[in-house]
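Please look through the structure below before reading on.

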Amino acid sequence: MHGSTMTDVDAPRQAPAKNMVWVPEGEFLMGSEHFYPEEAPVRRASVDGFWMDEHPVTVAEFRRFVKATGYVTWAEIAPEAADYPGADPELLVPGSLVFQRTPGPVDLRDYRNWWTWMPGAQWRHPEGPGSTLHGRELHPVTHVAHRDAVAYAEWAGKQLPTEAQWERAARGGLDGKIFCWGDEFAPHGKMMANTWQGEFPHENKLLDGYERTSPVKKFPANGYGLFDMAGNVWEWTADPFTPDHSQPHSPCCAPESGRHTPDGEFPRRVTKGGSHLCAPNYCLRYRPAARQGETVDTTTGHIGFRCIVS
Ligand SMILES: [Cu+2]
């Protein structure tokens, strides 16, 4: 329910699918100059109106897609040896990257301290073979590569958003604000998104109530009626990411798949929104301007997606 917000002004009468909300056309301020260089400069961008999923694609929704199509995700397929020069052959089995909280402080420059390549980890087993989706039907699906997100979108008759569409949507009509809801991280002490509270990556104070992903729609919607546009999971977009090697990666958000083609690294796409692993003391990427370039084959427990219809 979004009442008489500006979303109603130019909205076509009927949503193309359920649980989609209208993001109105218009100009907005894209980017930020207060955090990371890859977010600058602030510039005027404009998009046409479009429909967007009100929350990230859930486990239940993704399961329907897999049941209907027999689709096999990237993380379920053994990596090709040619894509991993020098890799230990024992690691060339289906798997994915799983976050593991460390017992104490670690060197924050080495993401391998908290990201583990885990054989058997995939969307059905987010923390590895022993883990299940029991009780997590309404959590965002994770461990999906870019092509898995595209395949779902095509099946659903939808598309992945561009970065500009995603950021326009995330801002919810609040131009130039730090967060999707304003400039204050926790207004009146209220947690507005599933992020990391405490010292990353060993101390999670769980002030938001969740250690890993959370069911969608547990935190307030933004001005357009969209949920989970900050935190919970990073979301794939359709846009290529232009790498700038002069800028250091912040590894809490950008584990490397380690996979390379004979021609070099797999291409990168922009991911948006930050995740449950984004910590105030370290990464601060639960903001609409924040962005990361992930290689298209990267799968983890903190990357998902949502779709649009334009
Ligand atoms: Cu982060």
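What follows is a short walk through some features of this predicted model.

Residues are numbered from 1 along each chain as its sequence is written, and side-chain values use heavy atoms, with hydrogens and water left out. Because the model is predicted, local features need pLDDT of at least 70 and side-chain atom pairs count only at pLDDT 80 or more, while totals for chains, interfaces and linings use all residues.

Start with helix α2, which covers residues 146-155. Helices (H or I, at least four residues) and strands (E, at least two) are DSSP runs, numbered from the N terminus. The buried residues of α2 are H146, D148, A149, A151, Y152 and A153. Here buried means under 20% relative accessible area, exposed means over 50%, and partly exposed lies in between, with a 1.4 Å probe and protein chains only. These buried residues pack against α1 (59-69), β7 (234-240) and β10 (268-272). Just after α2, G157 has a positive phi of about 75°.

A pair of aromatic rings is described by the distance of the centres and the angle of the planes. Rings of Phe, Tyr and Trp (its six-membered ring) pair if their centres lie within 6.5 Å; planes under 30 degrees apart count as stacked, over 60 as edge-to-face and the rest as tilted. By this rule there are 21 aromatic pairs. In one of them, F62 and Y152 are stacked, at 6.0 Å centre to centre with 15° between the planes. This pair links distant parts of the chain, since F62 is in helix α1 and Y152 in helix α2, 90 residues apart. F62 is buried, with a relative accessible area of 0%, and Y152 is buried at 6%.

For W196 and F200, the ring centres are 5.0 Å apart and the planes are at 70°, so this pair is edge-to-face. W196 is buried, with a relative accessible area of 0%, and F200 is buried at 3%.

F62 and Y152 also belong to one aromatic cluster, together with F65, Y71, W123, W155 and F305.

The last stop is the nonpolar core, a set of buried Ala, Val, Leu, Ile, Met, Phe, Trp, Tyr and Cys residues joined through side-chain atoms within 4.5 Å. The largest such core has 54 residues, of which M52, F62, F200, L226, M229 and F305 touch the most other members.

Key:
Contact means heavy atoms within 4.5 Å.
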